[in-house]
Amino acid sequence: MNRDFVAGLLGLVLAIVYYAMASKIQVSQLADDVGPEGLPKIYAWMLGGFSTLLMVRALLQRAPAPAGTAEVKSKEATAARRGLGMLAIGVGYVVLVPTLGYPLCITLVIAIATLYQGGQMSLRTAAISALGALGLWFVFVFLLHIGQPAGIWPELIERLAR
Amino acid sequence: MNELMAMFGAVVASPMIIPAAFGGIAWGILGGALPGISPSITMALLLPFTYGADPTAAVVLLASTYLGAEYGGSIPAILIRTPGTNSAAATVIDGYAMKEQGKAGEALGISLYSTLLGSIFGVILLITLTQPLANVALAFQPTSYVGLGVLGLSVIASLAGESLIKGMMAGFIGLMIATVGTDPVTGLNRFTFDDPELLSGIPPILVMVGIYAVAELFEQSSQPGWRQTNSADASIKMPDALMRARLRVAQVIGAVIGFIEGLTPGGGGTIAAFLSYNEAKRWSKKPEEFGNGSPEGIAAPETANGAVSATALIPMLGLGIPGSNSAAVLLGGFLIHGMTPGPMLFTKHYDVVMGLYAGKVISLFALVIVGYLILRPCIWLVNRPKHYLMAFIFALVLSGVYAIHNSLFHVGIALAFGVIGYGMKYFRIPTLPMVLGVVLGFMVESNYRRALVLSDGDHMTFTEDPIAATLLALAAIFIVISLVRHFRDSLKSGKAEQKAA
Amino acid sequence: MSMRKLRLAAGAIVGLAVAVAPAFAQAPAKYPKDTVILATHSSPGGGSDIFLRELLPHLTRAMGGVNFAVENISGGSGAKAMAVLAKAKPDGGMFYATTPTFIYTSLLSKPEASYKDLEPLVNVFFDPEVVYTAADSKFKTLQDVIDHAKASRGKWGAANPASLERQVLEQMKTATGVRAAVVTFEGGGDMLINVLNHTLDIGIGEMQEIRGQMEAGKLRVLAVMGEKRLEQLPEIPTAREQGVNVAVRKFRGLAGPKNTPPEVVAAWEAGVQKVLADPAYKKIYMENGLQPAFIPHAEYVKFVAEFGQETQDFLKSTGVIK
């Protein structure tokens, strides 16, 4: 399987799914001649067309695989896995922050990402994570008044105080 | 001359203008440099505090914040591939490439110098010609915006790099992303899955932060050495005479496009930045350097950003019509002090307008001083060890993206675009066409359909509007030229390329 | 949380400073809360935000020294603000500044909480919609516009695609049976340009949006799309007077969580009437083109329900929603 072929295939799938969604847009009497689905359908056709073209070209070229493919491939697979780790940290943050709150979660993001990128598990890392989180909190929450999620803590403290 | 005297008088009458201009620049740079905190949010955060303040100082504070934020966005764009603002996203491309080549200090210097030149140009027009120029905005009809948008998109034909096909795919995916949200004609929801968070569409900044910053984090995770700017580069280098000469054409393009975009509502800074990037490449003597660290690729969009931050005030003051979100916040600043911008503002509140002009001039000095001083600590920050740097960029992105609408859903979207950006790199699909589609898609679609509603479906309406006709003709010429060039190149290389094209 | 506290503190300080002098003038039944948050979905500087901020100092006086703080809950065109309000305690501590937007958002998408999950409190103003044209256009009355549309084809502009303004124009088209293109934009300013440059015959919008141009004599107001003429523009007839049977009421009021206690309601009913009569505040809202329109709680609940039903009918009949 050629990489361009896969890209074309993905583009074609996207075009078909998008087209299907566009044709489900309901009919409105307020609509113009073009309609809310007009341009989206054209976009889908164009994307589908170019994707097919890319696939055809990939099949026609059939370039012999460059030497050392296995090695390159395994290298790329490792790279992708490392990237996935960062993604996991981000997803974990989105999932946990409503409960654990911004200050704690952002500290954890800094600490875990630092370790993941090859930092040392040390007091220094912990201190930098905590100070960094405090800095971000200061800028975003204190200075800029962004309502970052507080988590369950305020409610918990309120309940304990009672 | 009278105006100069009046401006001077305004400074004497309310000396608070001076600290307001400096404070606004500093605050703006901070907000602009944080991804997700747009110039308009940065300004809006100040608005409640301007209540009790002197009205002149209040509007100067807001206007200076605007300029500061437009400049601030370029700093993380160059240093950490994270556009701080929408309009800094065009700067990412060549700014970060220069940083990668160890020329961060030079890139930052070009950015500061270009923003300054652009805003000097804009401020001069603002002070001398606001009232006549405000009427230029009236020349723009829905058809004209279509022309502007299509000209911007036409560059995909030449930008697409190694494969035109892939560039076209990316461009159409970008246009598709721009269709998410409320339909501009019927008000129907399209591709929103009934989620109210998607009603107003996917904010372009999420796409840009995702495919530039987050994807780069994923990418860098697998690379052994995050290239640090070497210590010799820790100093900022302002462009020398040779460089200044080289930047001139790009800056003129940026200034003119920024000026036009500032005047036209619905245009806005992002479109100006990308259009001037495109045109600078088209007219450059070294177009092949664009994307690989061309100084002109920084100069053009940054000049445009500087110009927009001043000329966007022209329709706001002269017509009472804000051309961008940021100008709308400034309009709010006038309204809460009981002043209504519009043609009568110049007679009813002449002193405030003159004070604002004086403040804009002072803010240019503030930009040079604060803008220069801020760079040293920024460069220090990005020279920290790689693992800390990456962790902090990630934390910054997660915090900033949330701030647009206090939405974790948006954080998720930015992460998703990180994956998409990573995938595009893997499949060697250029990202710029997609960003252009996202930035221009809504403007093109809504105005195209609006124009047809007005003309009762007659496409000839585009030829009747001279602005639209000119821009569309230009776009057609450019597309033909680049297609011919592509075809010739592929013939030369004698590969199977032409079979597909 | 910490942010809200901070903001409350800031609001309280401002409120106090304003309130200190006249606060003890009279002491009716004390309001159960010292500080009340008024939420809006518009960001600072937006329509509802300015409305609230101008109202607050005067309201503090009228409500016997209660402190008010504005909280901007932007996002999802009001969906977020509605969700927060629906979950708030019904103790009079938090209300939401409503405009027809919250009804449109409820109907057009599926927000977590809709307008039906909130309880309208009282109405404060109507934001009159006016139809206007460029001062140098050939249209002198609404009838001219209709005649032109009948003879050839009208070009009418509304600021947003799914909005009350759009609805008014569509109703006008139906009521008169003329041919007109209703063109929608991304905001009032965008549309105003197209009225000024004669791309459009007429535009419709709130007085606040066109004040600058009106003062400069660049626009001519043709009709008021309400039930009666405006105090600010006594010479401009309503659409009905000109034979076009369309009238709308764009409301500006407050809504809160369900089961708001009666003493809170009573305090607001008294307070809002008082603030509307306050001469200092009257000067401000008259300049902004607002029409005082107090509606007591019991009627307002019905009013909003009816408005919601009408809007739903319109959106359904035109096929915008199912």
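**View 1. A six-stranded open sheet in chain C.** In chain C, six strands line up in the order E2-E1-E3-E10-E4-E11 to form an open sheet with mixed pairing. Two strands pair if DSSP finds at least two bridges between them. At the edges sit strand E2 (67-72) and strand E11 (291-295) of chain C, each pairing on one side only. From one strand to the next, the twist averages 30 degrees. Helices (H or I, at least four residues) and strands (E, at least two) are DSSP runs, numbered from the N terminus. Before we go on, please note that this is a predicted model, in which local features need pLDDT of at least 70 and side-chain atom pairs count only at pLDDT 80 or more, while totals for chains, interfaces and linings use all residues. Residues are numbered from 1 along each chain as its sequence is written, and chains are lettered from A and ligands numbered from 1 in the order in which they are written.

**View 2. Strands E1 and E3 of chain C, with helix H2.** Strand E1 (residues 35-40) and strand E3 (residues 94-98) of chain C pair in the parallel sense over three bridges. Look for Ala39(C), which stands opposite Tyr96(C) in E3(C). Helix H2 (residues 47-62) of chain C packs on the sheet, touching E1, E2, E3 and strand E10 (251-257) of chain C. The direction of H2 makes about 170 degrees with that of E2(C). Angles run from 0 to 180 degrees between N-to-C directions, and axes are lines fitted to C-alpha atoms, for helices over the stretch in contact.

**View 3. The two domains of chain C.** The domain assignment of chain C gives domain 1 (2-127 + 250-317) and domain 2 (129-242); such bounds come from an automatic or database domain assignment. Their C-alpha centres lie 29 Å apart. Eleven residues of domain 1 are in contact with 13 residues of domain 2, where contact means that the C-beta atoms, placed from the backbone, lie within 7 Å. On the domain 1 side, helix H4 (residues 100-108) of chain C gives the most, with three residues.

**View 4. Helices H7 and H12 of chain B.** Helix H7 (residues 104-134) and helix H12 (residues 241-263) of chain B pack at an angle of about 40 degrees, with their axes 10 Å apart. That makes H7(B) oblique to H12(B): angles under 35 degrees count as roughly parallel, over 145 as roughly antiparallel, 65 to 115 as roughly perpendicular and the rest as oblique. Among the residues that meet here are Leu117(B) and Phe121(B) in H7(B), and Leu247(B) and Phe259(B) in H12(B). The residues of this contact divide into nine nonpolar, seven polar and no charged. Here Ala, Val, Leu, Ile, Met, Phe, Trp, Tyr, Cys and Pro count as nonpolar, Asp, Glu, Lys and Arg as charged, and the others, Gly among them, as polar.

**View 5. Chain B against chain C.** This contact takes 44 residues from chain B and 39 residues from chain C. Helix H16 (325-336) and H21 of chain B are the elements that give two or more residues to the chain B side. H16(B) gives the most, with six residues. By class, the chain B side has 22 nonpolar, 17 polar and five charged residues.

How values were computed
Contact = placed C-beta atoms within 7 Å.
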